Amino acid sequence: MVTFIKELKRIPRGDVPDFVAAAMPQFYEAIGCPNDVVLSVQASMAHYSTPKKNVAVEEYEAFELTITKKGEFVSVEDIVKDNSIIEAFKPYKTSGKGAYPFVPAEVIEQLYLYLKK
């Protein structure tokens, strides 16, 4: 079961017609964790997610993830001591610190549960 999805609250787009909203990416509020760590988990037509379109959050298999600590971008290995989580994120690491595209929901869930302990 993927529990972090319960924390994803869609940011309202405001008063725009449905046909305009359908052409806009959707965004979710960041998830605050202990020790000033913040997870930005995003998925939409404009994000590195699967599927790469606007659907209900429960329909995504993979998300775009960025991680910050005290407002600075950090990598998983900067905030995690569990080698299995660090290894799980390696295939999704980019050259940008704290940016992870197409991360499966189950991998984000491991990090989420670790940080929420």
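In what order do the elements of the protein run from the N terminus on?

1. The elements run α-β-β-β-β-α-α-β-α from the N terminus on, which corresponds to four helices and five strands; helices (H or I, at least four residues) and strands (E, at least two) are DSSP runs, numbered from the N terminus. This is a predicted model, in which local features need pLDDT of at least 70 and side-chain atom pairs count only at pLDDT 80 or more, whereas totals for chains, interfaces and linings use all residues. Residues are numbered from 1 along each chain as its sequence is written, and side-chain values use heavy atoms, with hydrogens and water left out.

2. Overall dimensions. Along the principal axes, the C-alpha atoms fill a box of roughly 45 × 30 × 25 Å.

3. Of the 117 residues, 38% count as buried (buried means under 20% relative accessible area, exposed over 50%, partly exposed in between, with a 1.4 Å probe and protein chains only). The protein exposes about 6700 Å², of which carbon and sulfur atoms supply 56%; accessible areas come from the Shrake-Rupley method with a 1.4 Å probe, and for residues only the protein chains shown count as cover. Among contacts (heavy atoms within 4.5 Å) with a separation of 6 or more, 50% are between residues 24 or more positions apart.

4. I31. This residue is found in strand β1 (residues 31–33) and counts as buried because its relative accessibility is 1%. Beyond residues up to four places away in sequence, I31 touches F4, E7, L8, V37, V38, L39, V41, Y112 and K116. I31 and I5 are 26 residues apart in sequence, with a C-alpha to C-alpha distance of 9.9 Å.

5. A cis peptide bond joins T50 and P51, with omega about -5°. P51 lies in the loop between β2 (37–42) and β3 (62–69), and Y60 is found in the loop between β2 and β3. Y60 is buried, with a relative accessible area of 4%. Leaving aside neighbours within four places in sequence, the contacts of Y60 include T50 and P51, as well as Q26, Y28 and A43. Y60 and S84, 24 residues apart in sequence, are 23 Å apart in space, C-alpha to C-alpha.

6. Backbone angles to check. N35, which is not a glycine, has a positive phi of about 65°. N35 is placed in the loop between β1 and β2 and, at 60% relative accessibility, counts as exposed. F102, also not a glycine, has a positive phi of about 50°. F102 sits in strand β5 (residues 99–104) and counts as partly exposed, at 36% relative accessibility.

7. Largest pocket. The largest pocket has a volume of about 150 Å³ and is lined by P34, N35, V37, K69, I79, Y114, L115 and K117. By class, this lining has five nonpolar, one polar and two charged residues (Ala, Val, Leu, Ile, Met, Phe, Trp, Tyr, Cys and Pro count as nonpolar, Asp, Glu, Lys and Arg as charged, and the others, Gly among them, as polar). On a 1 Å grid over the protein atoms alone, a pocket is an open set of points where a 1.4 Å probe fits, with protein on both sides within 12 Å along at least five of seven lines; lining residues have an atom within 4 Å of a point. Grid points are joined across faces, edges and corners, and a volume is the space filled by probe spheres set on the points.
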